[in-house]
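Open the structure in your viewer and keep the selection panel to hand.

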Amino acid sequence: MPCLYISTNVSLDGVDVDPIFADATRAVAQIIGRPEHLVMVILKGSVAISFNGNKEPAAYAEIVSMGGINGEVKRKLIATIGSILQARLCIRKERFFLKVYDTTAGQAKAASKL
């Protein structure tokens, strides 16, 4: 079950967040190759974030998945989630950071040593 957790310094008061949830869920499911009903998205606004020494709109996100992550998938996730945040919350792509973590990555390395 992939989980995408997005924190932003943008206030979400009065913002229709349903399209953000829908777009992010669809993107994660398609890119990682999991059904949408298994994708969790958490969106938190008004978080104190300073990026490049200022507090202009920015976002930090983490995605955790059990498998389905490789270099190409990482690049697609960064580009796609960045585009969603730019379109929906006016956060420029260069002010967005995504940490990608595959919980099975260490297991694959351990199994190859056996």
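Which residues have the most contacts inside the largest nonpolar core? In this predicted model, select Leu4, Val28, Ile63, Leu77, Ile81, Leu85 and Leu98: they have the most contacts inside that core, which has 29 residues. Now colour by element. Strand 1 (3-8), helix 1 (18-32), strand 2 (40-44), strand 3, helix 2 and strand 4 (96-102) each give two or more residues to the core. Helix 1 supplies the largest share, 7 residues.

Next, centre on Val28. Beyond its neighbours within four places in sequence, Val28 is in contact with Pro2, Leu4, Gly33, Val39, Ile63, Leu77 and Ile81.

Stay on helix 1 and select Asp23, which lies in that helix. Is Asp23 buried or exposed? Asp23 counts as buried because its relative accessible area is 18%, and the cut-off for buried is under 20%. Leaving aside neighbours within four places in sequence, the contacts of Asp23 are Ile84 and Arg88.

Move to strand 4 and show its side chains. In a regular strand, side chains alternate between the two faces of the sheet.

Strands 3 and 4 run parallel and are joined by 7 bridges.

Met1, Leu38, Met40 and Met66 make a nonpolar patch of about 360 Å². Met66 sits in the loop between strand 3 (59-65) and helix 2 (71-89).

How values were computed: Residues numbered from 1 in each chain as written. Predicted model: local features only at pLDDT ≥ 70, side-chain atom pairs only at ≥ 80, totals over all residues. Heavy atoms only, no water. Patch = residues over 30% accessible without salt bridge, like charges linked within 9 Å, V, L, I, M, F, W, Y side chains within 5 Å. Areas by Shrake-Rupley, 256 points an atom, 1.4 Å probe, with all protein chains shown as cover. Salt bridge = Lys/Arg side-chain N within 4 Å of Asp/Glu carboxyl O. Helix = DSSP H or I, 4+ residues; strand = E, 2+ residues; numbered from the N terminus. Core = buried A, V, L, I, M, F, W, Y, C linked by side-chain atoms within 4.5 Å. Buried < 20%, exposed > 50% of the residue type's maximum accessible area, 1.4 Å probe, protein only. Contact = heavy atoms within 4.5 Å. Pairing = 2+ DSSP bridges.
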